[in-house]
Amino acid sequence: MKRLSIGEIAVLCGGKYTGTRPERLCGEIVTDSRKLSEDCVFFALKGERFDGHDYAVKALENGAAAFTQGASASITGNMLTTSGTTIKEDLAMLNRLGLSN
């Protein structure tokens, strides 16, 4: 995948970026907190037995460029959001990004 900036990723996902440095290039998209890498965008998905939002702070501490924010999460930082964000929106954003490439 071509390296994109956080701002470009936000536009492709149909969302907005609420952090600093929207021009920061991202290395990869990550959904598994055990595979975080420098400059990744962490899509904090929620399932029946896990909630990726529990690892959003860890993602930023480990160098992630940004993370997605679901409606029930109350973390601040470099977030990708949509205007009516819900937990399902995180997956929808990921799908829109995949379809754009």
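User: How many salt bridges does the chain have by this rule?

Analyst: The count comes to three salt bridges. Keep in mind that this is a predicted model.

User: What makes Arg24 and Asp39 a salt bridge?

Analyst: Set the distance against the cut-off. The N to O distance between their side chains is 2.6 Å. The rule asks for a side-chain nitrogen of Lys or Arg within 4 Å of a carboxyl oxygen of Asp or Glu. Arg24 and Asp39 therefore form a salt bridge.

User: Where in the chain do Arg24 and Asp39 lie?

Analyst: Arg24 sits in the loop between strand E2 (16-17) and strand E3 (25-26). Asp39 sits in the loop between strand E4 (29-30) and strand E5 (41-42). They are 15 residues apart, and the pair links distant parts of the chain.

User: Why is Arg24 called buried?

Analyst: Its relative accessible area is 16%. Buried means under 20%. So Arg24 is buried.

User: How do you know that Glu23 and Arg21 form a salt bridge?

Analyst: Their closest N and O atoms are 3.9 Å apart. The limit is within 4 Å, so the pair counts as a salt bridge.

User: Are Glu23 and Arg21 exposed or partly exposed?

Analyst: Glu23 has a relative accessible area of 52%. Exposed means over 50%, so Glu23 is exposed. Arg21 has 47% relative accessibility.

User: Which residue forms a salt bridge with Asp32?

Analyst: Arg34 does, with the closest N and O atoms 2.9 Å apart. That is within 4 Å, so the pair meets the rule.

User: Why does Arg34 count as exposed?

Analyst: Its relative accessibility is 71%. The word applies over 50%, so Arg34 is exposed.

User: Why is Ser5 called buried?

Analyst: Ser5 has a relative accessible area of 9%. Buried means under 20%, so the label holds. Ser5 lies in strand E1 (residues 4-5). Leaving aside residues up to four places away in sequence, Ser5 touches Pro22, Glu23, Arg24, Leu25 and Cys26.

User: Which residues touch the most other members of the largest nonpolar core?

Analyst: They are Ile6, Ile9, Cys13, Cys26, Phe43 and Leu97, from a core of 14 residues. Helix H1 (6-13) and helix H3 (87-100) are the elements that give two or more residues to this core. H1 supplies the largest share, four residues. A second, separate core has nine residues, including Cys40, Phe42, Ala44 and Phe67.

User: What pattern does the chain follow along the sequence?

Analyst: The pattern is β-α-β-β-β-β-α-β-β-α. The chain has three helices and seven strands. Of its 101 residues, 44% are buried. The chain exposes about 5700 Å², with 51% of that area supplied by carbon and sulfur atoms.

User: What is the mean pLDDT of the chain?

Analyst: The mean is 76, and 76% of the residues reach 70 or more.

Technical notes:
Residues are numbered from 1 along each chain as its sequence is written. This is a predicted model: local features need pLDDT of at least 70, side-chain atom pairs count only at pLDDT 80 or more; totals for chains, interfaces and linings use all residues. Side-chain values use heavy atoms; hydrogens and water are left out. A nonpolar core is a set of buried Ala, Val, Leu, Ile, Met, Phe, Trp, Tyr and Cys residues joined through side-chain atoms within 4.5 Å. Buried means under 20% relative accessible area, exposed over 50%, partly exposed in between (1.4 Å probe, protein chains only). Contact means heavy atoms within 4.5 Å. Accessible areas come from the Shrake-Rupley method with a 1.4 Å probe; for residues, only the protein chains shown count as cover. pLDDT is the predictor's confidence in each residue, from 0 to 100.
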